[in-house]
Amino acid sequence: MEQIEQFMDGKGKGGHDKGKWIRIGLIALIFFGTALNYLDRQVLSLLKPMLQAEFSWTDGEFARFGSSFQIAAAVALLGVGWFIDKVGVRWGYGLAVAVWSLAGMAHAAATSVQQFVMARISLAVAESVNTPAAIKAAATYLPVQERSIGIGVINSASNIGAILAPLLVPIIAVAYGWKFAFVATGALGFVWLILWYFGTRNLTIYGADELDGEAQKKDGAGKNQSISWAKLIKEKRTQAVVGAKILTDAVWWFVLFWSPDFFARQFNLGQSDIGYPTAVVFVLAALGALTSGFIFPLLLAKGKSPNAARKLSMFCYALLILPLPLALYAPNEWVAALIIGLGLFAHQGFSTNIFGMTADIIPASRVGSVIAMGALAGNLSGALMLEFTGWALDTGLGYTPMFIMSAMAYLLALAWIHFVQPELKIVNDQ
């Protein structure tokens with residue numbers, strides 16, 4: 001609470017900070033940029049009934065749109081950090097939003113599977129800039145005492161975008177057609193760009209001097225120490241994180257991409273009806289994100305070791321997702337939405353603990369690289385999951401295999417973590 005009051009009062013180094021409202025505006029702009037990021041990527045999956053009726057796609061072809069997005073995003077992650085460092089946050093993030101907005105609008109002009117795939121790849125590459133740019137913006141333009149609050153607000157925006165998309169896109173598509181849905185959501189990015197240009201002109205740089213000073217203290221030469229990914233992946237700690245991301249991220253991408261089709265197929269819902277149960281799913285996911293940090297410190301306060309507290313937290317969330325296959329037998333879409341939503345609630349809790357574990361057991365200088373490796377692996381496993389779903393639907397297996405796999409993924413991830421790291425050793429502690 002003291003930090004929030006300090007942020008709002010603008011009290012940092014040197015007393016009253018005249019730039020507090022500029023910094024608050026920066027956080028708001030990145031928040032809405034991140035929300036647009038998730039809104040734009042969901043438009044295609046929400047329009048599946050209309051698009052499949054018009055283009056006669058198979059489920060395998062539709063899966064290709066999702067997997068191409070995931071693979072392109074994974075490859076782009078290899079160069080995104082370099083791009084943002086080279087161009088800078090202000091111009092780099094602005095350019096990314098412009099490109100992904102154009103790519104979103106380009107879907108309206110596509111008439112073949114290949115053209116839709118190209119639009120998805122362009123969208124994925126540009127959207128991959130979002131998270132690295134957001135974190136770098138917080139590190140560069142927010143004083144250290146305000147960064148945690150700013151990053152926390154920004155991180156919640158992905159859930160807002162995932163909630164708004166199913167509420168808005170089907171309504172727009174039914175009223176004005178599917179092409180206008182792509183154009184309207186893409187155009188929001190250009191409104192945001194105007195605000196970004198004028199709202200970021202007078203930012204003060206805080207992070208560069210502080211980070212340089214911190215680096216000099218640590219290695220004595222003012223040079224950042226780095227380690228190759230080839231060496232990192234040989235470490236058991238890295239393997240624990242990457243393995244857990246491979247198993248659990250596949251579930252997130254599966255639900256994000258295929259849940260509108262599940263509701264349409266399972267409960268015979270039309271284009272105008274699939275948005276509401278989908279929104280319920282992501283409201284519960286947002287609640288999971290907001291509450292996911294409570295169990296671990298509570299267990300520590302009760303005397304559990306960090307190792308036991310972290311793994312017990314993960315176990316609790318892994319149990320919550322076990323009922324997921326019951327959604328296949330739900331009497332209506334609302335009960336199914338609550339069951340799937342509970343699953344994503346659990347996913348957010350488990351994911352938060354993966355990030356917390358990473359911050360605890362990986363040396364601070366390597367955390368960014370390990371998180372990037374985990375994200376890349378998670379995108380690739382998501383691509384495989386989306387392709388497998390398309391194949392399962394085309395061959396008549398339905399959604400049963402994916403729901404069973406998703407329910408078991410978190411217990412398997414916890415078992416993998418415990419196998420690779422029987423004792424989590426905290427290295428970042430004060």
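Mentor: Start with helix H13, which gives the most to the lining of the second largest cavity, with 5 residues. Before we go on: this is a predicted model, where local features need pLDDT of at least 70 and side-chain atom pairs count only at pLDDT 80 or more, while totals for chains, interfaces and linings use all residues. Residues are numbered from 1 along each chain as its sequence is written, and side-chain values use heavy atoms, with hydrogens and water left out.

Trainee: Fine, but what counts as a helix, and what is a cavity?

Mentor: A helix is a DSSP run of H or I with at least four residues, a strand is a run of E with at least two, and both are numbered from the N terminus. On a 1 Å grid over the protein atoms alone, a cavity is a set of points where a 1.4 Å probe fits but cannot get out; a pocket is an open set with protein on both sides within 12 Å along at least five of seven lines; lining residues have an atom within 4 Å of a point.

Trainee: What lines the second largest cavity, and what is its volume?

Mentor: Its volume is about 60 Å³, meaning the space filled by probe spheres set on the points, which are joined across faces, edges and corners. Around that space sit Phe254, Val255, Trp258, Ser259, Phe262, Leu324, Ile340, Tyr399 and Phe403. By class that is 8 nonpolar, 1 polar and no charged (Ala, Val, Leu, Ile, Met, Phe, Trp, Tyr, Cys and Pro count as nonpolar, Asp, Glu, Lys and Arg as charged, and the others, Gly among them, as polar).

Trainee: And which residues line the largest cavity?

Mentor: Arg41, Gln42, Ser45, Gly66, Phe69, Gln70, Arg120, Trp253, Leu256, Phe257 and Leu386 do, around about 110 Å³ of space. Helices H2 (20-46), H4 (59-87) and H13 (236-267) each supply at least two of the lining residues. This lining has 5 nonpolar, 4 polar and 2 charged residues.

Trainee: How do I read a helix pair?

Mentor: Two packed helices are described by the angle between their axes and the distance between the axes. Axes are lines fitted to C-alpha atoms, for helices over the stretch in contact, and angles run from 0 to 180 degrees between N-to-C directions. Take H17 (residues 333-361) and H19 (residues 400-420): their axes come within 12 Å and cross at roughly 20°. So H17 is roughly parallel to H19 (angles under 35 degrees count as roughly parallel, over 145 as roughly antiparallel, 65 to 115 as roughly perpendicular and the rest as oblique).

Trainee: Which residues of H17 and H19 meet?

Mentor: Ile340, His347, Phe350 and Met357 of H17 meet Phe403, Tyr410, Ala413, Leu414 and Ile417 of H19, where contact means heavy atoms within 4.5 Å. That contact splits into 8 nonpolar, 1 polar and no charged.

Trainee: What about H5 and H6: at what angle do they cross?

Mentor: Roughly 160°, with the axes of H5 (residues 89-106) and H6 (residues 113-127) coming within 8 Å. They are therefore roughly antiparallel to each other.

Trainee: And how do H2 and H3 pack?

Mentor: At about 50°, with the axes of H2 and H3 (residues 48-55) 6 Å apart. That is why H2 counts as oblique to H3. Leu44, Ser45 and Leu46 of H2 meet Lys48, Pro49 and Leu51 of H3, giving 4 nonpolar, 1 polar and 1 charged.
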